[in-house]
Amino acid sequence: MLHQYHHQHVTQPLLREALQQLGFDLSAGLVNALVTEGHDRFHAEKEQILAAGLQTAAYVQVDDTGARHQGHNGYCTHIGNDLFAYFASTGSKSRINFLEWLRRPHTDYVLNAAAHAYWQGQQKLSAVVEAAVTGGPRQFADAAAWQAHLAAVGVTTERHVRLATEGALLGSLQAHGIASDLVIVSDDAGQFDVLVHALCWVHQERLFAEMLPFSEAHRAAIAGVREGIWQLYRALKAYRQQPEPAQREALAVRFEVLVAGRTGFTGVDRTLKEMAAHRAELLRVLERPEVPLHNNGSESALRDYVKKRKISGSTRSEAGRRCRDTFATLKKTCRKLGVNFWEYVQDRVRGAGVVPRLAEQIRQQAAEVGPRLAVAASL
């Protein structure tokens, strides 16, 4: 019963009232302890879900939303795909923060090919700084050891520290089995632009939908661009369902024609230019047909957090915030895997071991889906 209430995210006062109606007169402190403590087995399984999900994934969809904690603004990030969902709440958001979540439960920093590729790519870390960073050990156990290394080699500038750290975190991901070609699908938030990035077409269209027309000509221009986006979206969707290499060039040309169009209205034309700058990310599906064209999965996954934020405001204890993330992860992952969540909770509480570990089920289902994707991509 208690776990069922926890699963439904019922607030502590409502849970206490329900228990009183059943004849249990418990203090608020005891109710809090029942809801937030003694869940180590669930927290551990949550981390196993992330590791299995990332190691077997061709892509993940990511997004974040506000999640207040102890009266302060914070954020909850969702990472997931068709087989798993993972939620992580923090006080701030950055690329380092995102990469730290991706590498969980590991804590190390690794200097390898992935780190070098990141530094030598669009980040353009200077050769002098890179030489200093890589002039000693190649792996560091935790943040303290990593920061001590940077200080020892004289890398203290904020930008250099940030880029060096991002590269070392990407190195850790690769060292722990996360593919360097993992696609990250997002709505264009900068912190998610790592590994192989793909953008949400629905979000791009929304930029035009939210424009406020000031004349009939302006309204017509916006409508024309939106219609062009949806026509190309439908064509890309058809390609994704039945990919044929011969179609790639034609679809790429249609994209170029769309974003090269000029309406004479500054806002519309500027947004078209921005779309052109993200050509590779918007056309990722042409080379990777398994990648979705939108980020609706992440946006839908975060709706429960938005609802809870509107109702109860925020979490008050670290244990409460951790439990909120853990049970949201377990519930939504069970749903994706076709596992009854209530039966799963009963199995874990009783120690029956009848319901397989969720990480095992992710790996099994990913292995079954993988060959089908490979065949589709080769058509």
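Student: What makes β3 and β4 a hairpin?

Tutor: These two strands form a hairpin with 4 residues between them. Before we go on, please keep in mind that this is a predicted model, in which local features need pLDDT of at least 70, side-chain atom pairs count only at pLDDT 80 or more, and totals for chains, interfaces and linings use all residues. Residues are numbered from 1 along each chain as its sequence is written, and side-chain values use heavy atoms, with hydrogens and water left out.

Student: How do you know that β3 pairs with β4?

Tutor: Strands and helices are DSSP runs numbered from the N terminus (E, at least two residues, for strands; H or I, at least four, for helices). Two strands pair if DSSP finds at least two bridges between them. Strand β3 (residues 75–80) is joined to β4 by 6 bridges, so the pair meets that rule, and the two run antiparallel. Across the pair, His 78 stands opposite Phe 87 in β4, and Tyr 75 stands opposite Thr 90 in β4.

Student: Which strands make up the whole sheet, and what makes some of them edge strands?

Tutor: The open sheet has 5 strands in the order β4-β3-β1-β7-β8, with mixed pairing. Strands β4 (85–90) and β8 (196–199) are called edge strands because each pairs on one side only. On average, neighbouring strands of this sheet are turned by 25° against each other, direction ignored.

Student: What packs on this sheet?

Tutor: Helix α4 (residues 40–56) does, touching β1 (59–66), β3 and β4. Touching, or contact, means heavy atoms within 4.5 Å. The direction of α4 makes about 120° with that of β4. Such angles run from 0 to 180 degrees between N-to-C directions, using lines fitted to C-alpha atoms, for helices over the stretch in contact.

Student: Why is β4 described as enclosed?

Tutor: A residue is buried under 20% relative accessible area, exposed over 50%, and partly exposed in between (1.4 Å probe, protein chains only). In β4, 6 of the 6 residues are buried, so the strand is largely enclosed by the rest of the structure. In a regular strand the side chains alternate between the two faces of the sheet. Here Ala 85, Phe 87 and Ser 89 point one way from β4, while Tyr 86, Ala 88 and Thr 90 point the other way, and all are buried.

Student: Is Lys 332 buried or exposed, and how do you know?

Tutor: Lys 332, in helix α18 (residues 318–337), has 11% relative accessibility, so it counts as buried under the 20% limit. Not counting residues up to four places away in sequence, Lys 332 touches Ala 85, Phe 87, Ala 301 and Asp 304.

Student: How do you know that the span of α13 is close to what is expected?

Tutor: The expected span is 1.5 Å times one less than the number of residues. Helix α13 (residues 266–277) has 12 residues and reaches 17 Å from its first C-alpha to its last, close to the expected 16 Å. Val 268, Asp 269, Thr 271, Leu 272 and Met 275 of α13 are buried.

Student: What makes those buried residues line one face of α13?

Tutor: The arc is that of the directions from the helix axis to the C-beta atoms. Seen down the axis of α13, its buried residues fall within an arc of 160°, so they line one face. On the other side of α13, Thr 266 and Ala 277 are exposed. The buried residues of α13 pack against α10 (201–209), α11 (216–241), α12 (245–260) and α14 (279–282).

Student: Why is the pair of Arg 279 and Glu 256 called a salt bridge?

Tutor: A salt bridge is a side-chain nitrogen of Lys or Arg within 4 Å of a carboxyl oxygen of Asp or Glu. Arg 279 and Glu 256 meet at 2.4 Å, N to O, so they qualify. Arg 279 lies in helix α14 and Glu 256 in helix α12, so the pair ties together parts that are 23 residues apart in sequence. With relative accessible area of 33%, Arg 279 is partly exposed, and so is Glu 256, at 34%.

Student: What makes Asp 325 and Arg 324 a salt bridge too?

Tutor: Their side chains meet at 3.9 Å, N to O, so this pair is also within the limit. Asp 325 is buried at 4%, and Arg 324 counts as buried at 8%. Salt bridges that share partners also join Glu 45, Asp 347, Arg 348 and Arg 357 into one network.
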